[in-house]
Amino acid sequence: MDVKGTYEVRTYGCQMNVHDSERLSGLLEGAGYTRAPEGSDGDADVVVFNTCAVRENADNKLYGNLGRLAPMKTKRPGMQIAVGGCLAQKDRDTIVKRAPWVDVVFGTHNIGKLPVLLERARVREEAQVEIAESLEAFPSTLPTRRESAYAAWVSISVGCNNTCTFCIVPALRGKEEDRRPGDILAEVEALVAEGVSEITLLGQNVNAYGSDLGDREAFSKLLRACGQIEGLERVRFTSPHPRDFTDDVIAAMAETPNVMPQLHMPMQSGSDTILRAMRRSYRQERFLGIIEKVRAAIPHAAISTDIIVGFPGETEEDFEQTMHAVREARFANAFTFQYSKRPGTPAADMEGQIPKEVVQERYMRLVALQEEISWEENKKQVGRTLEVMVAEGEGRKDGATHRLSGRAPDNRLVHFTKPADEVRPGDVVTVDITYAAPHHLLAEGPTLSVRRTRAGDAWEKRNAAPAQPQGVMLGIPTLGVPAPLPEAAAGCALPASS
């Protein structure tokens, strides 16, 4: 195959976008492109922006980045720029009007067309804008260039049937469509055969899986089926919706050994009044009841959430209800967001928009409370012996501290003393927790054991090949693996599920 040049993919937004970007990379490599060196900063033959329409000022950030590439394109004959993702799905022709040097605009439903659209733009010497209104192919059926050798996303559904007033995702990704269970399990088995030992089942509303298939227990059945796959050590999923979180799912989590004791379930607000205004189909009592059931079945489960502060109409009493729910739920961590208008959502036009200074003050109170709870919950881990899957790139200070980092079964970040034995990402170590901080745990003593794994072998094999630059560029915070797991802005279905 002729080498066409280099490419760079820049990703913003939720896990679904990260998974899509792995596919975009795979498509481009399949078409003959090679990944540009790390830090090339636009110095590539093809630069792809995989955009998010949820984050505040997402459009300004995109056009600012496009503007910086315009002179580079002038100096580099043949360079092409493509814009995809949710903002492309929403703004369509506007992108080419504001940035006429863009070559390709594609949407969330037709990422598989990128190589064809690039070639068409090159031949016709004009921008190609193609936005499909419905899904053409599940992301997981397309070629891939996965970011991790040991952990992988597996898309089980796309789209969302909910109508949350703060969220534009259903309008951009469409109604829920489910993959067939056999296709999902075949992909998981293929990944495990390649050395992957941890998978994360991915969907805009992951536990609604089955609604498109006519089986209300399809998600719990899928979890149990994953438990039968030999060599699959860890199963996670994101993000569920409280409305669809049924007892059979809790039972499957508790009874399937490789389903990890971790749950990220967006609450958004603790006020019934605000939940109603958000069109969230549960109330505080229902949400806290689910938490209670999960803890009864899985005592060591770490539960995290998303919360929006300052939604239109939120009173001090409403906010206090959120604070009460946080105290009751005792989340391991919470991703808190100050409400800001998202064009195209019903909430943007609601009366009772809260002044910025009020939102900020409430936000700081909530963050302080959750920091206190997170630290208290982490302190309960001191003295426990945990199996930690070694991660890549999670401990920023590991080189200076002579430590390595990884994730406990409940997804808590653990820094541990580097053992004498060689340890690779994907391998598993057993350690005693000696210290807790609000956002991580420390194991300062000697490593009790090192278990070399097929996942570690896969990492070693990948890195023995000619060096490949790492990483889709993420302008967002992180929360674990794979690669690592990014946290989306409130309003996006992942993990701020709608």
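**Entry 1: the annotated cysteines**

I began with the "binding site" positions that UniProt gives in an unreviewed entry, which are Cys 14, Cys 52 and Cys 86. I then looked up how they lie in the model, which is a predicted one. Although they span 73 residues in sequence, no two of their C-alpha atoms are more than 10.4 Å apart, so they gather at one spot.

I placed Cys 52 in the loop that runs between strand E3 (46–51) and helix H2 (58–75). With a relative accessible area of 7%, I noted Cys 52 as buried, because the cut-off for that word is under 20%. Leaving aside residues up to four places away in sequence, I found that Cys 52 touches Tyr 12, Gly 13, Asn 17, Ala 58, Cys 86 and Leu 87.

I found Cys 86 in helix H3, which covers residues 86–91, and at 6% relative accessibility Cys 86 also counts as buried. Beyond residues up to four places away in sequence, the contacts of Cys 86 include Cys 52, Thr 108, Leu 172 and Arg 173.

**Entry 2: a three-stranded sheet**

I next traced an open sheet of 3 strands, in the order E7-E10-E11 and with parallel pairing. Strand E7 (151–155) and E11 stand at the edges with a single partner strand each, so one side of each has no neighbour in the sheet. I noted an average twist of 25° from one strand to the next.

Between E7 and strand E10 (residues 198–202) I recorded parallel pairing over 5 bridges, and I saw Ala 151 standing opposite Glu 198 in E10. Helix H1 (residues 15–30) lies across E7, E10 and E11, and I noted that H1 runs at about 105° to E7.

**Entry 3: the nonpolar cores**

I looked up the largest nonpolar core, which has 55 residues, and among those with the most contacts inside it are Ile 199, Leu 201, Phe 219 and Val 294. For Leu 201 I listed the contacts beyond four places away in sequence, including Val 154, Ile 156, Leu 223, Val 235 and Phe 237. I also found a second, separate core of 35 residues, which includes Ala 53, Leu 62, Ala 88 and Ile 95.

**Entry 4: His 241**

At 1% relative accessibility, His 241 counts as buried. Its side chain reaches the backbone nitrogen of Arg 243 at 2.9 Å. I also noted that His 241 and Pro 257, 16 residues apart in sequence, are 23 Å apart in space from C-alpha to C-alpha.

Methods: Residues are numbered from 1 along each chain as its sequence is written. This is a predicted model: local features need pLDDT of at least 70, side-chain atom pairs count only at pLDDT 80 or more; totals for chains, interfaces and linings use all residues. Side-chain values use heavy atoms; hydrogens and water are left out. A nonpolar core is a set of buried Ala, Val, Leu, Ile, Met, Phe, Trp, Tyr and Cys residues joined through side-chain atoms within 4.5 Å. Buried means under 20% relative accessible area, exposed over 50%, partly exposed in between (1.4 Å probe, protein chains only). Contact means heavy atoms within 4.5 Å. A polar contact is a pair of N or O atoms within 3.5 Å; within protein, one must be able to donate a hydrogen and the other to accept it, and residues adjacent in sequence count only if both atoms are side-chain atoms. UniProt positions are given in the numbering used here, feature names are shortened, and annotations may be inferred rather than shown by experiment. Helices (H or I, at least four residues) and strands (E, at least two) are DSSP runs, numbered from the N terminus. Two strands pair if DSSP finds at least two bridges between them. Axes are lines fitted to C-alpha atoms, for helices over the stretch in contact, and angles run from 0 to 180 degrees between N-to-C directions.
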